[in-house]
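Here are my notes on the model you sent over. Have it open beside you while you read; the points go strand by strand, then on to the core and the chain contact.

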Amino acid sequence: MNSDRIAELYRTWGPAIYRRCLRLLRDPEAARDATQEVFRKALSSPGKLADPATALPFIYRVATNHCLNERRNAGRRGETELVDLDVAVIHPDFPQRRLVQRVLSRFDSRTQSIAVGVLVDGMEHEEVADVLGISRKTVSRRLARFLEHARKYLERSAA
Amino acid sequence: MNHPSELKLERHLLDPGRSPIAGHVAGCDRCRDRLLEMEKQAEDFRRFVYPATLEDVSRRRWTPWRTLWLLAPAAGLAAVLLIVRTGRTSDYTGSKGGGLTLTAYVALPSGAKTVADGEIVPASASLRFRVRTSQPCTLALFSVDAAGQVSRLYAQEVRGDVALPGGIRLDGNAGPERFFAVCDRGYDAVERAVREIGPSVRQKNALPDVQGPQASLLIEKKP
């Protein structure tokens with residue numbers, strides 16, 4: 001792929017990647033760095049990036065995985081400024097308004113992506129399944145497990 | 001009330017005319033506010049992130065350029081370091097500070113070369129920058145074109161002779177563009193001063209009311 005085509009794709013999809021990274025990392029500088037990395041990763045599948053029908057869910061998945069990984073690393077380094085995510089949809093089994101890193105980090109990366117997709121992004125289960133390339137049933141099952149364990153963990157922490 | 005997810009809002013932004021959530025958005029203040037915020041973030045990307053990161057994004061897949069940039073320091077040593085602005089100019093009202101020099105390199109098919117003030121460069125060329133300061137400096141590097149379009153390219157602490165990381169790609173539009181390097185922590189005030197340069201970009205080579213040292217470089221972009 002030549003540099004003009006790369007520049008064109010970056011102009012097209014960069015804003016969505018940047019917004020996604022900004023939402024998950026909550027820091028413009030970190031989002032800027034992450035945007036570069038995510039776009040580079042996305043460039044390894046140029047076919048998906050070139051097709052408008054597949055590009056958005058694809059970059060959403062790549063950006064989410066990358067940024068959640070950045071958050072995990074930041075959490076390990078004790079960078080607490082990256083930890084809080086606003087909850088868009090108050091779930092009956094998760095009444096908190098913030099999804100904090102110490103809860104999120106107790107789960108595997110796929111479960112984290114599901115929890116963020118449903119609670120933070122307000123996505124329906126089917127939408128999350130579509131983005132992550134998994135079944136709706138898997139989304140429901142993993143989310144139920146996340147909610148149950150998160151509730152128990154928060155109750156233990158409060159006690 | 002159920003609101004569209006972030007992903008649905010992203011799809012809406014791509015094609016509002018055919019968006020299945022257009023009806024909801026029209027009657028939902030919260031979603032309209034979020035869309036406005038998303039558009040502002042896109043503008044931030046276009047102004048600040050895209051020009052400062054495109055070179056890096058492209059570089060790994062563009063070996064000849066990478067090789068070219070490896071040669072840039074050598075080219076810089078061989079060339080006379082361009083001290084773009086020294087001393088007081090007629091419209092310079094800031095206080096004197098330590099010296100600051102700004103050098104730009106343009107990547108051409110013939111090799112990396114230093115850019116002289118007012119030089120014509122290809123409108124889509126890639127540039128890299130080097131600054132030299134006599135004192136530790138909180139550097140901000142901005143660019144502004146004749147339409148008053150401002151891009152913040154770098155903001156970082158520098159000391160001594162420093163090649164700024166990455167590079168930028170020019171926007172492809174014809175016309176003058178001036179780069180301002182400033183040692184000043186007041187980024188927002190500096191940005192406002194840069195914006196006001198606008199149509200006078202060819203004439204004004206210094207920012208008023210900037211406390212620290214500054215340097216500028218004019219280029220003429222030609223498609």
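This is a predicted model: local features need pLDDT of at least 70, side-chain atom pairs count only at pLDDT 80 or more; totals for chains, interfaces and linings use all residues.

1. Start at V131(B): across from this residue, in β7(B), stands V162(B).

2. With β1(B) (residues 100-108), β4(B) makes an antiparallel pairing of seven bridges. One pair to click on there is V106(B), whose bridge partner in β4(B) is L127(B).

3. β8(B) covers residues 168-169 and runs antiparallel to β4(B), with two bridges joining them.

4. How enclosed is β4(B) by the rest of the structure? Largely so, because six of the eight residues in this strand (126-133) are buried.

5. Now over to chain A. Its elements come to eight helices and two strands, and along the sequence they read α-α-α-α-β-β-α-α-α-α. Of the 159 residues in chain A, 40% are buried. If you take the contacts in chain A with a separation of 6 or more, 59% are between residues 24 or more positions apart.

6. Which residues have the most contacts inside the largest nonpolar core? They are C21(A), I59(A) and A181(B), in a core of 91 residues. Helix α1 of chain A (residues 3-25) puts in the largest share of this core, ten residues. Domain 1 (1-82) and domain 2 (84-159) of chain A both contribute to the core, so the core lies between these domains.

7. Have a closer look at C21(A). Leaving aside residues up to four places away in sequence, C21(A) touches A31(A), A34(A), T35(A), V38(A), A63(A) and C67(A).

8. Last, the contact between the chains: 26 residues of chain A and 21 residues of chain B take part. On the chain A side, at least two residues come from each of α1, α2 (28-43), α4 (52-76) and α7 (125-132). The biggest giver on that side is α1(A), with twelve residues. Sorted by class, the side of chain A that touches chain B has 14 nonpolar, five polar and seven charged residues.

Methods. Residues are numbered from 1 along each chain as its sequence is written. Chains are lettered from A and ligands numbered from 1 in the order in which they are written. A nonpolar core is a set of buried Ala, Val, Leu, Ile, Met, Phe, Trp, Tyr and Cys residues joined through C-beta atoms within 7 Å. A residue is buried if 20 or more other C-beta atoms lie within 10 Å of its own, exposed if 12 or fewer, and partly exposed in between; C-beta atoms are placed from the backbone. Helices (H or I, at least four residues) and strands (E, at least two) are DSSP runs, numbered from the N terminus. Domain bounds come from an automatic or database domain assignment. Two residues are in contact if their C-beta atoms, placed from the backbone, lie within 7 Å. Ala, Val, Leu, Ile, Met, Phe, Trp, Tyr, Cys and Pro count as nonpolar, Asp, Glu, Lys and Arg as charged, and the others, Gly among them, as polar. Two strands pair if DSSP finds at least two bridges between them.
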